[in-house]
Each structure stands twice: as structure tokens, then as C-alpha cells.
Amino acid sequence: MSSAAELPLPFPRLLDILEDLDQRIPEGFKVEIVGESIVMSPWSKGAYLPIMRSLTRQLNQHAPENHVADVAPCLYVFPSVSRAFGPDIHVADADAVVVDSIRLPGEALSLAAELTSGSTRGNDWGDKLEAYGKAGVPVYLLVDMQKETVSVFSAPSDHGYQSSSTVEFGQKIHIPEPFDFTLDTSSFSVA
């Protein structure tokens, strides 16, 4: 039998702890709730910025009405799956995220994008992939910087995502509704 100290903390308590930590984490790091734990990881490397700029520019051109793509550090909360993530790139309803809190509503997202690193790759392909789909985020874009591939996941369901496609850097890939455009990855490279 487990002792009380071994039981995971309830999601609302983890959010409170995370919000308190946000005021004290070192510059260049972010905190998220992954699985049933608070995880601190570094923000993206400077070498990732050209890819992030390209993605943000292309996504903004095709974003749903009143949705904006950004790389600003934000924490999106998904109570239905007890998770809180700070995606590397996020496209969200501009009005829905104007709240007086670091806790932004996950349902405002039309797309979440993650660029993997050695320390975050497992979470990006595992817990985040499943949680974004279960929470109903329409599109999850996963840029695997180690394998130099781009994967698009869509058609969210109670089991994650029902549809996916992957291309290598340099190729084009379709981003489905609510975007419906072809993403050009010809400028993507790993420094």
C-alpha cells in the first residue's frame, strides 16, 4: 500500500505550485506539468529561431480568423487531461488568451508546435502528443530536430490523434483544417 507522501498531487495543487515557481525559475527556463509532475526545461536554442520564425510567419498567413501564431512563453492549461504546457509555438484565439493570469485556456489553441531537444524529445513524442489530442487541440506540429523531420497530427480524439503525416526537412507537408495550407520546410536546417 502506498503512503500519502507517494500519491501524486492533485492537478489544481500542481498548478498553484507551478505558478509560484514561475516567479523564481532561472531566466531561460520554463516549467510545465507533464504527466503528474512539474518539469523544468530550457527554452529553445538560438539555432532553432530561424525554423520558429519560418513556422510563425507561415502559420500567421493561414491562421483561423482572430487567431495569432506566437513564440512568446505562455502556459496553456488542459484540466480535462491534468496537463499544462508551454508550447514552443502556439496559435490561439487572440481574445481568449487575454486573461489576468499565466494560466491560459487550452481550448483557445488551434495549433501547438514543439521543437524537440535531447531533454524534451520523449515528452514531445509521448505525453504531449497524447494530451494535446485528448484535450482537443486541432493540430499538433512536431518538429523533430534530432531526426530532421516534421510531423503533423490532426483529428483529435479521446485516444490522441487519429491522423498523422511526416516529412523530412526540405519537403512540403499539408497542415489541415482549420489552417488548410502546405507548409514549406525548405529553409529548415539544424545548425
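Buried means under 20% relative accessible area, exposed over 50%, and partly exposed in between (1.4 Å probe, protein chains only). The model is predicted: local features need pLDDT of at least 70, side-chain atom pairs count only at pLDDT 80 or more, and totals for chains, interfaces and linings use all residues. Residues are numbered from 1 along each chain as its sequence is written, and side-chain values use heavy atoms, with hydrogens and water left out.

**Exercise 1.** Determine whether Ala131 is buried or exposed, and which residues Ala131 is in contact with beyond its neighbours within four places in sequence.

Solution. Ala131 belongs to helix α4 (residues 127-135); helices are DSSP runs of H or I with at least four residues, numbered from the N terminus. Its relative accessibility is 5%, so Ala131 counts as buried. With contact taken as heavy atoms within 4.5 Å, the partners are Val81, Arg83 and Phe85. Val81 lies 50 residues from Ala131 in sequence, yet their C-alpha atoms are 6.3 Å apart.

**Exercise 2.** Count the aromatic pairs, then classify the pair of Tyr132 and Tyr140.

Solution. Rings of Phe, Tyr and Trp (its six-membered ring) pair if their centres lie within 6.5 Å; planes under 30 degrees apart are stacked, over 60 edge-to-face, and the rest tilted. This rule gives 9 aromatic pairs. Tyr132 and Tyr140 have centres 4.9 Å apart and planes at 45 degrees, a tilted pair. Tyr132 is buried because its relative accessibility is 0%; Tyr140, also with a relative accessible area of 0%, is buried.

**Exercise 3.** State which residues the ring pairs link into a cluster.

Solution. The cluster consists of Phe78, Phe85, Trp125, Tyr132, Tyr140, Phe153 and Tyr161.

Definitions and conventions: Helices (H or I, at least four residues) and strands (E, at least two) are DSSP runs, numbered from the N terminus.
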